[in-house]
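User: Please take a close look at the ligand site of this model. I would also like the surroundings set in context with a helix and several single residues elsewhere in the chain.

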Amino acid sequence: MKRLLYLFVLILFCGSLFAQESPIIIETQNTALVYKTDRQNKLVQVYFGQKLNDAEEYNKLFSMNEAYVPAGMDNLHEPALRILHNDGNPSLSLKFDGVEISKVDENVSVTQIILKDDVYPVDVKLFFKAFKNEDVIETWTEIQHNEKKPVVLTHFASSMLQFDKRDYWLTQFHGDWNKEMLMQESQLTSGIKVIDSKLGTRANKFQAPMFFLSMNEPSTETEGEVVAATLAWTGNFKFSFEITPTNTLRVISGMNPYASEYHLKPNDVFKTPEFIYTYSFNGKGQASRNLHKWAQKYQVLDGEGERLTLLNNWEATYFDFNEDRLVELFDGAQKLGVDLFLLDDGWFANKYPRNSDRAGLGDWQENKEKLPHRIGYLVEQAEKKGIRFGIWIEPEMVNPKSELYENHPDWILKLPNRPEHYSRNQLVLDMANPEVQTFVFDVVDQMLTKHPEIGFIKWDCNREMTNEYSQYLGENQSHIYIDYVKGFYKVMEDLREKYPELPIMLCSGGGGRTDYGAMKYFTEFWPSDNTDAYDRIFIQWAYSYFFPANTICNHITSMGDQSLKFRTDVAMMDKMGYDIRVEEFTEEELAFSQQALKDYDRLKDVIWFGDMYRLISPYEESRAALMYVNESKEKAVFFCFDIYTYRENITNPVKFQGLDPDKKYEVKEINVQQGRRFGPFMGPGGDNNVFSGDYLMKVGYNVRGGRGDMSSHVYEISVLE
Ligand code: GLA
């Protein structure tokens, strides 16, 4: 696994109990977050915005408000932190006690601001990791104390940020199974707006842990001041947005304190997850590009590495398959030319065979009837056909109809004296329990030890927590939400220690677990079980605001009634794959798909690592258009989708972005299905499809719609030598 070498160079340390004379400046290429101390030696945030040319001028900034407000003293609003001391005193008074700035490398620095209570032995450290070129800041908090017995933490934000603008506009993402990441934008009003999750596992089934905050007015793709932010935590989260009577906006972000009082032992460090944000002064497009670059370089496992194309069998077979059927499907994968076959749910359990979602979950032995020659044979057969083999697991869950349930009732989260509550006929294992962690680790480790050829894992998590009670935690029931996630990370850490490179797809009944905490251990994620290409445009569009293309898995399936071309074009937007019965393809469809995969292979570096420009939003028009441009601006890929053409047939040119105005480009359509080239107006210049970047960005490119149904186009744009 890629790991940063922490070369801590101590630049500055200010001794305790003195006010900080000069401002503490956390800078990236374009932004500055500035803190000072006030007369009472409290830390105050004085600025967050565009970097000033003259750093001296930060001295002129005057106090806003306390930077990280603890509860119990003079605070009148939502607090960032609340502690109950051993003597029952519920207050904290944080005074500045020093700052340390360390440089990790030329691009990354960490600022640590130390706060101390002046009466109780409690330390609070605020960390700011600044990524200069990407304009991203990660913030987290560490809390420690030296009282005799555990203190109780009832609020423990990762970050508190303050803004001082006329108006604030919030863009949030909500959904449910099959309709993930629906975007909503609204103006914040006085009082508190909260976006949170109380679902434990599959935490973002209803609300996603990410938002845009636009200053003064809604930002567009290219204009406006906007902060894009997210929390690196695979569990309950909470963002609160409070406008105070002075019109200051306080944004408090972190794990959700709901039912999570934490008993912190003396000298233990309570570290909150990282809150990640970028401030763009040129709209949402720039904010996304910042996050994409940061994620690929610093957060996602193997973010800048290869990804495998695959054929999955979930929608092609569901639970209904056996060894012979799978080997037949391998032929499809081979014919298509994908890298890997991914065997989905239904391959395991014997006493209670996994023939539906009602039984078998937890019993990770091959089902002897379906797979008489076990996984080894499948791996061998796949290899014979020149493809790799991958497999689905859901190791954190259990069906009541399983041997695991019978043998280890104490490993399951369920309330005593209450009926069990099922979702998809299953229960959640207690990941806070080290024995369960070992079990989950072993599910993967034993399989990979036996079959080191396995080239891919899809890791699912199909339900949220309800009626939860951990036998292991005993009196500390309120730790379950947090300790579950820590247990999950512990397993992933151990697995990554041993298997640093294996690609693993993060899945959670579709996209119920898409966050940057988990993405440290995963190479990609499954955005939604909804693979209807029309709906997918919206789902993928929304994910693209926060995640880079090589992490978003899109499969071409039989869902929906759009043409194979349309489905292929939609899937090509990010990481393309298949989940379809290839043997049912006509010859033409097969040839089209083979060519599409070849083109994808040629262009994937542009799509994955190029700068993404969202050109026309499906939320605003009956079209969606986007493009990727590589770093040298020599190659680009442009996607355009016409949706609702019956109602509205928009054909005005789409203006490109990100090209070099002085370069000449050839625009060539790819993914053309035989005999289905739509309309003669492929570009303003007829067949002569060579234009300057200047022309394409100022005049635009005409894309003709389809014949009354949804249509789509993909163009390869290449610089002319
Ligand atoms: C979840 C996943 C699907 C599939 C099924 C298998 O719903 O999102 O892709 O793997 O589980 O049961």
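Analyst: The account below begins with the ligand and then turns to a helix and to individual residues.

This is a predicted model, in which local features need pLDDT of at least 70, side-chain atom pairs count only at pLDDT 80 or more, and totals for chains, interfaces and linings use all residues. Residues are numbered from 1 along each chain as its sequence is written, and side-chain values use heavy atoms, with hydrogens and water left out.

The ligand is surrounded by 13 residues, of which the closest are D344, D345, K458, G510 and D529; a residue is near a molecule if one of its heavy atoms lies within 4 Å of it. By class, this shell consists of six charged, four nonpolar and three polar residues. In that classification Asp, Glu, Lys and Arg are charged, while Ala, Val, Leu, Ile, Met, Phe, Trp, Tyr, Cys and Pro are nonpolar, and the others, Gly among them, are polar.

For K458, the distance from an N or O atom of its side chain to a ligand oxygen is 2.8 Å. The side chain of R424 places an N or O atom 2.9 Å from an oxygen of the ligand, and a polar side-chain atom of D460 lies 2.9 Å from a ligand oxygen. The ligand taken alone exposes 310 Å², and the protein buries 97% of that. Such accessible areas come from the Shrake-Rupley method with a 1.4 Å probe; for residues, only the protein chains shown count as cover.

The helix considered here is α10, residues 587-609. Helices are DSSP runs of H or I with at least four residues, strands are E runs of at least two, and both are numbered from the N terminus. With 23 residues at 1.5 Å a residue, α10 should span 33 Å, and its end C-alpha atoms are 33 Å apart, so the two values agree; the expected span is 1.5 Å times one less than the number of residues. At L603, α10 bends by about 60 degrees, the bend being the angle between axes fitted to the seven residues ending there and the seven starting there. L603 is also one of the buried residues of α10, which include F592, Y600 and W608. Buried means under 20% relative accessible area, exposed over 50%, and partly exposed in between, with a 1.4 Å probe and protein chains only.

Two further residues are buried. V34 belongs to strand β3, residues 31-37, and has a relative accessible area of 0%, so V34 counts as buried. S356 sits in the loop between β23 (340-343) and α4 (374-384); its relative accessible area is 19%, which means that S356 is buried. The side chain of S356 reaches the backbone nitrogen of R358 at 3.0 Å.

Two residues have positive phi values without being glycine. In D302, phi is about 50 degrees, and this residue lies in the loop between α1 (283-299) and β22 (310-312). In R374, a residue of helix α4, phi is near 60 degrees. D302 is partly exposed because its relative accessible area is 35%, and R374 is partly exposed with a relative accessible area of 35%.

Finally, N216 occupies the loop between β15 (207-215) and β16 (226-231) and is partly exposed at 24%.

Technical notes
Polar contact = N/O pair within 3.5 Å; in protein donor to acceptor, adjacent residues only side chain to side chain.
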